[in-house]
Amino acid sequence: MLADPQQQHKAFALVVHQYSEQLYWKIRRMVLSHDDANDVLQNTFIKAWNKRSTFQNKSKFSTWLFRIAINESLDFLRRQKQAQQVSADDEAVSAKLLADEYFDGSRAEALLQQAIASLPDVQRMVFNLRYYDEMKYSEMSQLLDTSEGALKASYHLAVKKIKAYIERRE
């Protein structure tokens, strides 16, 4: 790590600039709301700053940062569920998305997001990383610290559930 605190701040500002957009979209696909995604993104960078001395160069820096973002997203979703603010009700998810001024999708996209939101957290995360980010299972395996086989099974189950969900709504 850089010894000079001023140099650390400059380096971290570059990290924030370089990774903000990528992290935002990974988080946004998990939490759905623009405002919530921004909060989780901010928490991600705060945690990364506070834990910067723990980065050990055993993986790519981006992998370490993405893992923090994913864990922060999952923690956020757990807190929401515990507070009973998250509803699996179709209308609630759809209304939340369509009311978000930053959501520019159609009703079909809202239906897909409802289906994704109905998935268990881990399946939702695996689906988003594979479908939207086109991440390879080998990369996901390193990021999530699980086997490629388990990830493939999660993705397959997620796709089946999404198809069934959409078929029921059409």
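## Terms and basis of the model

A residue is called buried when its relative accessible area is under 20%, exposed when it is over 50%, and partly exposed in between, using a 1.4 Å probe and protein chains only. Helices (H or I, at least four residues) and strands (E, at least two) are DSSP runs, numbered from the N terminus.

The model is predicted: local features need pLDDT of at least 70, side-chain atom pairs count only at pLDDT 80 or more, and totals for chains, interfaces and linings use all residues. Residues are numbered from 1 along each chain as its sequence is written, and side-chain values use heavy atoms, with hydrogens and water left out.

## The chain as a whole

The chain contains 8 helices and 0 strands, so that, from the N terminus on, its elements run α-α-α-α-α-α-α-α. Of the 170 residues in the chain, 42% are buried. The accessible surface comes to about 10200 Å², and carbon and sulfur atoms account for 49% of this area, as computed by the Shrake-Rupley method with a 1.4 Å probe, where for residues only the protein chains shown count as cover.

A contact is defined by heavy atoms within 4.5 Å. Among the contacts in the chain with a separation of 6 or more, 61% join residues 24 or more positions apart.

## Helix α1

Helix α1 has 27 residues, yet its end C-alpha atoms are only 33 Å apart, short of the 39 Å that a straight helix would reach at 1.5 Å a residue. The expected span is 1.5 Å times one less than the number of residues. At Tyr-19, α1 bends by about 50 degrees; this bend is the angle between axes fitted to the seven residues ending there and the seven starting there.

The buried residues of α1 include Phe-12, Val-15, Tyr-19, Leu-23 and Val-31, and also Lys-26, Arg-28 and Arg-29. Just after α1, Leu-32 takes a positive phi of about 75 degrees.

## The largest nonpolar core

In soluble globular proteins, nonpolar side chains tend to be buried together. A nonpolar core is a set of buried Ala, Val, Leu, Ile, Met, Phe, Trp, Tyr and Cys residues joined through side-chain atoms within 4.5 Å. The largest such core has 42 residues, of which Leu-23 and Val-31 touch the most other members. Helices α1, α2, α3, α5, α6, α7 and α8 each supply at least two residues of this core, and α3 gives the most, with 9 residues. At least three residues come from each of domain 1 (1-104) and domain 2 (106-169), whose bounds are taken from an automatic or database domain assignment.

Leaving aside neighbours within four places in sequence, Leu-23 is in contact with Leu-41, Thr-44, Phe-45, Leu-65, Phe-66 and Ala-69.

Glu-72 lies in helix α3 and counts as buried because its relative accessibility is 8%. Apart from neighbours within four places in sequence, Glu-72 is in contact with Val-40, Asn-43, Thr-44 and Lys-47.

Phe-127 lies in helix α6 and counts as buried because its relative accessibility is 4%. Beyond four places in sequence, its contacts include Ile-116, Tyr-155 and Ile-162. Phe-127 and Tyr-155 are 28 residues apart in sequence and 5.4 Å apart in space, C-alpha to C-alpha.

## Two exposed loop residues

Glu-134 is placed in the loop between α6 and α7. Its phi is near 50 degrees, a positive value in a residue other than glycine, and Glu-134 is exposed, with a relative accessible area of 64%.

Asp-145 lies in the loop between α7 and α8. Although Asp-145 is not a glycine, it has a positive phi of about 55 degrees, and its relative accessible area of 67% makes Asp-145 exposed.
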